[in-house]
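Hi,

Here is the structure I promised to pass on.

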Amino acid sequence: MTILAVGRPTRSDHDIASEARPETEGHGLVQDEPLTFELGGWDKTGVDLPEAELDASDLGDLVRAARIGLPGLSEPETLRHYVRLSQKNHAIDLAMYPLGSCTMKHNPRLNEKMARLPGFADIHPLQPQSTVQGALALMDELAHWLKTLTGMPAVALSPKAGAHGELCGLLTIRAALEARGDARRTVVAPVSAHGTNPATAAMAGYQVVEIAQTDDGRVDIADLAVKLGPDVAAVMVTNPNTCGLFERDVLEIARLTHAAGAFFYCDGANFNAIVGRVRPGDLGVDAMHINLHKTFSTPHGGGGPGAGPVVLSAALAPFAPAPWIVSGEDGLHLIERNEGEAAQAFGRLCAFHGQMGMYVRALTYMMSHGSDGLRQVAEDAVLAANYVKARLSGDLTAAFPDGPCMHEALFDDAWLEGTGISTLDVAKALIDEGFHPMTMYFPLVVHGAMLIEPTETEPKREIDRFCDALLRLAAAARAGDVARFKGAPFKAPLRRLDETAAARKPRLRWTA
Amino acid sequence: MRYLPLTPADRSEMLAVIGASSIDALFADVPAAARLAGPVDLPPHQGELEVERAMGRLAARNRPAGSGPFFCGAGAYRHHVPASVDHLIQRSEFLTSYTPYQPEIAQGTLQALFEFQTQVAALTGLPVANASLYDGSTGCAEAVMMAARVTKRSKAVLSGGLHPHYAEACWTLAHTAGVATQRLAAAVDAEAAVIDAIDADTACVVVQTPNVFGTVTDVFAIAEAAHAAGALLVVVTTEAVSFGLLKSPGEMGADIAVAEGQSIGNQLTFGGPYVGLFACREALTRQMPGRLCGETVDAEGKRGFVLTLSTREQHIRREKATSNICTNSGLCALAFTIHMTLLGEAGLRQLAKINHARARLLRDALAAIPGVEVLTPRFFNEFAVRLPRSATAVVNALAADGIIAGVPVARLDPHAGMDDVLLVCATETTAHVDITDFAEALTQELAQ
């Protein structure tokens, strides 16, 4: 062993690489961590509460006698437990997270700070409206930004996520059709649509008919024309679509849709690609949800919460659900019920007024970027995706090689043919390279799809690192290094998880 | 622009690699008529300081609940959230991660969801809980649809004690699918009328306890009547802290339990985002909406967690899915889980007792005021009072004096014929002085 003059060893004389890894619980900074149910005690608590002044004897046998079964932990134990868990998560703040269709962009911390101002976080949805004028003004301002950016005259703010927004849009369309005595039963959507589109249409009481796709990844206009019968209530199209391509014939889609007496619903999940550069209102769109948690940077939080406001054309505006805001002599008013001026509205989607916490974050983001910055967002997002496509196309196979893509680059698995390696294997191998994998096996129209969305908040060197990693993997696949893929991930907190076993015999909660 | 890392030099280099002449060339597929020549008519970008000032001005025009005596409940509750909860949910790894589709690098989120599901199952007294829905009201609507699928029947009986917003959200989802919602007359003790409405076409009965008027009911007899008729019982709870004191839905025979989880770990935030709790009997698992987290092992046999039974969900089943839900309330569920872990059973029971005790002090103070009648016979932390005049007018008058007196029933349901009824709530955040200030102000207001 080499010893420094001060007596501190500096390096091992052993050949470290040849030594077997010791059997330990966890490794390096990643600790093995049991469930709280295996750590805590029934009497332990991490809060100090005063004694209750009264007992609950007045409730008699309504009182819960049996043990609930909830362990408690002190504050230091709770911190350590959840910090340890957190270190097993990939995150945008850690490295690129190029999940196509999900828009994993940077989440500004100013948004978080603003959402926590007591004036927003500590107000009750049913306190007198005179005491929440700032909240109503914020909702009004958010509505103004969304309407201006989309070129649409109205917006329903309350949907709680993208799929909820789709439901809101289709129910609005349904109400508008019913009002003109023209109940229709069908919604048409491309085969490449997000799963939420057909699921939402079914929930809204519609049959779903699929439209074919052309060889260049767009809606087949001829097929659409055939399927646009008098029973079609709405055409649901994602634009830019789930292949990451702009629907070149969007104006014709709108024209055909309207000529058939139907409404044009646009899935706005990919609005990030065009924000500030293209207004859906100029494309003939009647309704479009906006995922505030995608385009407008509210955090995904491991699966939510989101928010899915829906912008609406003039024809649909009267049928939007309450609540909305009107201006009166004594300030702003929240219209909460389908009466009077809201008599045509289709109903209530949820309790209260939607996702205020997300409204604050989204408006903070919009004001930070401004009209110029938002336009730059779309440009940089599209530039980054095309750069990824250009850098990888020699080694991977682009699903639609001709022409530019929008905010995401789509590859198929033709480049893996004959290697015995699948898209799933590539995704798991990317984990060992330090990246979150791209979206895999979506859209369904492309075999072994790999959908890469870098977003505008990735620095060029990170995009290059990601491309370099994929190119290394492509070389390894060509060289027949199958083990590197099939065994992956090797360096994650856990090795590949058995999802089949989980579904075969579900264990959905801890039991002693 | 501080959120955009690409420099002009980066952009030029990237365009060169792409082989494009300009950014505009990348937008060539957009019809020329729809390409905006310049920025839309909105203000330009601003620095943090400027945005913070503008948002601060808006926030300052609202009266936070913590700034004075405050008695609103009715589906959203002001509780103290420990500082460590908010710290933990703001960790980058939780805040800035996506739905855990790659489980090997999402064990933090997944294990927390597994803990969440176990906690919700314990609280509701039912064996299976999902990984959250948007909120209690949408969960309630999903429960009605699930019951219709399970029983293949097309009517839901909604108790007159169900929160009106919940009943309306149920109607919205149900009527489009051809499921009728029979909403019974609003009444403080409405649950008694539910059994008579059950018939051979009833898919489910939806009862809330404590109900929107605060009334606590043992719904065991309703469960028996529903089951005898082949219907399911859905029990709704809007105040999750009540699980620490009252019999659980499962103990009383519920098939599906739905709750608003906001009270644990989450702020009021003007109504959202909140977190829907959803639990059911084991036999109904494959008809549940939303994500489920399950236990499994990795290639080396180590325990791990994954999203499972996804053949129920939209990304696999498309139009045949049990629900269209995708994004749910992950981070709110995490806040719930952490707060519940800090509380533990002992803390939750103590917290529930304090809430009940504070509400009884409030009841005693208001009942002593001439003209005020307490209507709710048995309650947890909120109850209804009849005033000698319009509750809305009284609330507005007291708001001018800095007291947020509660929620008029007329705001939730103007057709209930209860314009003089006010819903009031007390929690551990309600100080004794708040109660005496409120009672004094109400006494003076009613004496005028």
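In chain B, the residues T109(B), A112(B), L113(B), E115(B), F116(B) and Q119(B) of α6(B) meet G330(B), A333(B), L334(B), F336(B), T337(B) and M340(B) of α11(B) (contact means C-beta atoms, placed from the backbone, within 7 Å). Sorted by class, that contact has seven nonpolar, four polar and one charged residues (Ala, Val, Leu, Ile, Met, Phe, Trp, Tyr, Cys and Pro count as nonpolar, Asp, Glu, Lys and Arg as charged, the others, Gly among them, as polar).

Before going on: this is a predicted model, where local features need pLDDT of at least 70 and side-chain atom pairs pLDDT 80 or more, while totals for chains, interfaces and linings use all residues. Residues are numbered from 1 along each chain as its sequence is written, and chains are lettered from A and ligands numbered from 1 in the order written.

Now the two chains together. Chain A puts 172 residues in contact with 164 residues of chain B. On chain A's side, helix α10 (residues 356-392) gives the largest share, 21 residues (helices are DSSP runs of H or I, at least four residues, and strands runs of E, at least two, numbered from the N terminus). That side of chain A divides into 89 nonpolar, 51 polar and 32 charged residues.

Within chain A there are domain 1 (111-366) and domain 2 (372-501), with bounds from an automatic or database assignment. Their centres, taken over C-alpha atoms, are 30 Å apart. Each of the two domains brings 20 residues to the contact between them.

Cheers
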